[in-house]
Amino acid sequence: MPKRKTGARKKAEKQRERQKGIKSGQFDRNIVDFPCNIIMECDQCGRRQKNRAFCYFCYSVQKLPVCAACGKSKCMRTGDCLVKHTGIHATGMQMVGAICDHCEAWICHARKCITTHGCECPLTNCECAECERGVWEQGGRFFNCSFCQRFLCEDDQFEHQASCQVLDSENYKCGSCNRLGQFSCLRCKLCFCDDHVRRKGVKAPKSGDQVPCPKCGHPTRETKDLSMSTRGYKYGRHNDDEDNREMYFGYTAAATGGASDSGDSEEEDDSDDTDEVGEQLTADCDSKLNIS
């Protein structure tokens, strides 16, 4: 019979599972939940923005800075502090140890935060996929697209996600052959058939894992599970834009009805001239009758 598990063994197995879940959840964590990307309200101007060392609008230093790594605004007496403050709870600039070059936020003087945050900062090489602005060029927070997982600024997140499920091709055929694409890559905006996705040299994914894209390596999803649409073109009157419609009808009028308009104007000028000649003749006749 198998040995009965003791209480210490059960506790160790539970702790091991919990640590495994924490490590796996660290990479699946939403970018909005990181302390370097939380909402901050300036003490001077009152504007809401991303957590920063200085206000993006008025450049003022905040009274209670928040650490970009651990998210705390007060350092207790016990800890791995590089600057010892025995018997004092450090707040404000006493808690600050450095500024991150990636997220532009304060880092506390704890040894772990200073040594690890520079390499683990989630906003490293962060650039919006639409406007190509980074942390230093705009003051809002950053988000991840729920489809292609690219960085998006606060101004373009809804506009990008509304048009993200559009393929770059005009049909749903595979990008490598002429067969119908069963898998779609939301980063390359291409469809691939089952043979080209599960090609030779690629390790078969486990149950529940997504197949990587053969072009960029991003996880693909089945096309039937997405509301993918193809790229379309609108020519001339098929365009619903009012400005383009007026422009189109203006060009057609100039191309087709320009000669008729000029002819009508010439006829109007001739009729005006005849009216003036007739009025002059009647005036001359009246003057002669009065003289006689």
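## Overall architecture

The protein chain has six helices and eleven strands. The model is a predicted one. The chain holds 292 residues, and buried residues make up 28% of them.

Contacts between residues at least 6 apart in sequence give a view of the fold. Of these, 42% join residues at least 24 apart.

## The E10-E9-E11 sheet

Three strands make an open sheet, ordered E10-E9-E11, with antiparallel pairing. Strand E10 (190-192) and strand E11 (221-222) stand at the edges. Each has a single partner strand, so one side of each is left without a neighbour in the sheet.

Strand E9 covers residues 183-185 and is joined to E11 by two bridges. These two strands run antiparallel. Ser184 has Arg221 of E11 as its bridge partner. Strands of a sheet pair through backbone hydrogen bonds, either parallel or antiparallel.

Strand E5 (96-99) pairs with strand E6 (residues 106-108) through three bridges. The two run antiparallel. Val96 stands opposite Cys108 in E6.

E5 and E6 form a hairpin, with six residues between them. Glu104 sits in the turn and has a positive phi of about 60 degrees. Glu104 also takes part in a salt bridge, described next.

## Salt bridges

How many salt bridges does a search of the whole structure find? It finds three.

One joins the side chains of Glu104 and Arg52, at 2.4 Å from N to O. Glu104 lies in the loop between E5 and E6, and Arg52 in the loop between E2 and E3, so the pair ties together parts that are 52 residues apart in sequence. Both Glu104 and Arg52 are buried.

Another joins Asp155 and Arg133, at 2.9 Å from N to O. This pair links distant parts of the chain, 22 residues apart. Asp155 is in the loop between strand E8 (151-153) and helix H3 (157-162), while Arg133 is in the loop between H2 and E7. Asp155 counts as exposed because its relative accessibility is 56%. Arg133 is partly exposed, with a relative accessible area of 25%.

Arg9 and Glu13 also form a salt bridge, their closest N and O atoms being 3.6 Å apart. Both belong to helix H1 (residues 7-27). They are four residues apart, so about one helical turn separates them. Arg9 is partly exposed at 44% relative accessibility. Glu13 is partly exposed as well, at 24%.

Asn51 is placed in the loop between strand E2 (48-50) and strand E3 (74-75). Is Asn51 buried or exposed? It is buried, because its relative accessible area is 3%, and the cut-off for buried is under 20%.

The side chain of Asn51 reaches two backbone oxygens. That of Pro35 is at 3.1 Å. That of Val66 is at 3.5 Å. Beyond its neighbours within four places in sequence, Asn51 is in contact with residues including Pro35, Cys36, Ile38, Met40, Val66 and Ala68. Its contacts also include Cys103, Glu104 and Ala105. Glu104 is the hairpin-turn residue with the positive phi.

Gln138 is found in the loop between helix H2 (111-120) and strand E7 (142-144). Gln138 counts as buried because its relative accessibility is 3%. A polar atom of its side chain lies 2.9 Å from the backbone nitrogen of Gly140.

Which residues does Gln138 contact, leaving aside its neighbours within four places in sequence? They are Arg52, Tyr56, Arg133 and Cys153.

## A nonpolar surface patch

Phe54, Val61, Met93 and Ile99 form a nonpolar patch on the surface. Together they have about 330 Å² of accessible area.

Met93 lies in the loop between strand E4 (90-91) and strand E5 (96-99). Met93 counts as partly exposed because its relative accessibility is 49%, and exposed requires over 50%.

Technical notes:
Residues are numbered from 1 along each chain as its sequence is written. This is a predicted model: local features need pLDDT of at least 70, side-chain atom pairs count only at pLDDT 80 or more; totals for chains, interfaces and linings use all residues. Side-chain values use heavy atoms; hydrogens and water are left out. Patches are made of residues with over 30% relative accessible area and no salt bridge: like charges are joined within 9 Å, nonpolar side chains (Val, Leu, Ile, Met, Phe, Trp, Tyr) within 5 Å. Accessible areas come from the Shrake-Rupley method with a 1.4 Å probe; for residues, only the protein chains shown count as cover. A salt bridge is a side-chain nitrogen of Lys or Arg within 4 Å of a carboxyl oxygen of Asp or Glu. Buried means under 20% relative accessible area, exposed over 50%, partly exposed in between (1.4 Å probe, protein chains only). Two strands pair if DSSP finds at least two bridges between them. Contact means heavy atoms within 4.5 Å. A polar contact is a pair of N or O atoms within 3.5 Å; within protein, one must be able to donate a hydrogen and the other to accept it, and residues adjacent in sequence count only if both atoms are side-chain atoms.
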